[in-house]
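Here is a brief report on strand pairing and helix packing. The sequence and the model come first.

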Amino acid sequence: MPSPAYHAPDTVKQATDLLAANKGARPLAGGTDLIVQMQSGRSAPAAIVDLKRIAALKEIREEAGYFAIGAAVPCTSLKNNKALAAEWPGVVEAANLIGSVQVRNRATMAGNLCNASPAADSVPALVAAGATAIVAGASGEREVPVEQIPTGPGRTSLADGEFVTEIRIPRQQKGSSDAYLRSIPRTEMDIAVVGAGASLTIDASGTCTSARIAIGAVAPTVLLVEDAGKALVGSKLDDGAVAKAMEAVSTACNPIDDKRGTIAYRKAMAGVLAKRVIQIARERAGGN
Amino acid sequence: MSRIHVTTTVNGDEREFLCSPGQTLLDALRDELDLTGSKEGCGSGDCGACTVILDGEMVCSCLVLAGEAQGRRVETIEGIAEGSQLHPVQQKFLENAALQCGFCTPGFIVASKALLDKNPNPTETEVRYWLAGNLCRCTGYDKIVRAVMDAAAELRQERTAA
């Protein structure tokens with residue numbers, strides 16, 4: 001592959017300066033997508049800005065209102081943060097469905113988000129969780145809901161020179177939990193044919209007070225299905241409410257036919273997976 | 001294109017090499033350091049034949065840039081045996097005939113050692129999931145899994161005896 005310049009800055013400022021100064025430079029987090037794209041010739045960046053020497057991007061911070069997951073934190077490290085794994089088991093599980101152990105020791109959630117694959121496993125879970133991305137650029141930082149980062153397969157809303165420095169996930173409220181499931185024909189090492197994430201809050205009477213449902217691999221980007229959440233809020237997650245949410249999910253799908261699944265299969269399975277993640281999140285929320 | 005000077009620890013020894021900025025760690029190990037035990041099967045992180053341990057965590061060396069190894073610790077298949085003394089994982093691969101063509105074997109052995117370093121008493125299911133990123137087209141995996149389970153048992157015995 002053609003050799004780009006390699007930079008390993010120590011600070012976010014140095015990284016944004018390097019990205020601003022080198023048109024065609026790409027930030028490198030885990031590299032499990034970017035290096036493959038470079039090897040195959042699909043991407044030929046003029047320069048690589050490696051984020052893994054920036055100490056602040058390599059840690060998970062537990063703030064009062066949110067968890068901040070640095071852009072260089074590999075997926076396997078998420079499991080080691082007990083508070084994060086307890087509050088957002090669905091997010092941590094989703095990130096640890098990606099690839100193999102070898103891949104997860106490198107791959108990051110920020111990279112999974114910015115690679116902008118419609119089938120990215122961690123993204124529906126992050127969208128359901130109400131996560132945001134901190135985007136740094138030459139003009140400073142901005143905070144963006146994660147669902148606004150991907151705009152289509154391989155495309156993002158990031159401007160030239162911008163990159164995601166961290167993902168923020170709100171601290172979980174009492175009576176809340178989440179779940180993510182994907183459908184694949186194998187048990188490991190595969191790309192989601194359909195994925196669904198749910199995040200629910202249930203009060204003492206068993207009434208759902210907030211719900212976010214997100215689906216992956218069934219549209220050009222991961223989708224937040226607001227109508228599915230609305231169908232659940234105010235209900236006791238009875239069969240009727242869940243059926244309405246399933247219908248909202250299937251209606252929101254805009255999938256393609258390909259070798260991994262047909263349009264009809266994906267629409268139907270998206271509803272089924274939504275139902276299952278609602279059930280799992282509900283059971284988990286009961287224990288919190 | 002100027003080459004990068006990299007200093008890194010490989011199998012316990014400090015090593016230096018020059019690499020091009022886009023060169024992978026796998027290519028640098030093989031072409032600059034003549035450590036040809038790590039193999040390139042796919043070059044895309046799917047097959048695990050290039051598995052090495054980087055700062056204690058196993059990774060596909062085809063998905064690491066050589067420049068990233070600056071100041072890091074790399075363990076490769078060449079560092080698994082102690083001199084002529086095979087590691088129990090290697091010995092059990094031989095005893096169980098857990099290889100045929102052998103191309104995937106370095107990756108499997110490095111990955112298996114990485115597992116047993118972290119978890120000396122894995123279940124068969126844990127072994128199978130851990131090794132999901134290593135592809136073997138010859139054995140059907142069963143002998144590999146048995147070899148890893150045997151090696152785990154032997155390592156536990158060694159630790160109890162020690």
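## A strand pair in chain A

Ser176(A) sits across from Thr201(A), a residue of β12(A). This is a predicted model. β12(A) covers residues 194-202 and pairs with β11(A) in the antiparallel sense. Eight bridges link β11(A) and β12(A).

## The sheet and its helix

The pair belongs to an open sheet of four strands in chain A. The order is β11-β12-β13-β14, and the pairing is antiparallel. Which strands form the edges? They are β11 (176-183) and β14 (223-224) of chain A, each pairing on one side only.

A helix also packs on this sheet: α11 of chain A, residues 263-286. α11 touches β11, β12 and β13 (208-216) of chain A. The direction of α11 makes about 35° with that of β12(A).

## A helix pair in chain B

Two packed helices are described by the angle between their axes and the distance between the axes. In chain B, helix α2 spans residues 88-95 and helix α3 spans residues 105-118. Their axes come within 9 Å and cross at roughly 130°. Angles over 145 degrees would count as roughly antiparallel, and 65 to 115 as roughly perpendicular. α2(B) and α3(B) are therefore oblique to each other. Their crossing is right-handed.

Which residues make the contact? From α2(B) come Val89(B), Gln90(B) and Phe93(B). α3(B) supplies Thr105(B), Ile109(B), Ser112(B), Lys113(B) and Leu116(B). By class, the contact of α2(B) with α3(B) has four nonpolar residues, three polar and one charged.

Conventions. Residues numbered from 1 in each chain as written. Chains lettered and ligands numbered in written order. Predicted model: local features only at pLDDT ≥ 70, side-chain atom pairs only at ≥ 80, totals over all residues. Pairing = 2+ DSSP bridges. Helix = DSSP H or I, 4+ residues; strand = E, 2+ residues; numbered from the N terminus. Contact = placed C-beta atoms within 7 Å. Axes fitted to C-alpha atoms, helices over the stretch in contact; angles between N-to-C directions. Parallel < 35°, antiparallel > 145°, perpendicular 65-115°, else oblique. Left-handed = near helix turned anticlockwise from the far one by under 90°. Nonpolar A, V, L, I, M, F, W, Y, C, P; charged D, E, K, R; others polar.
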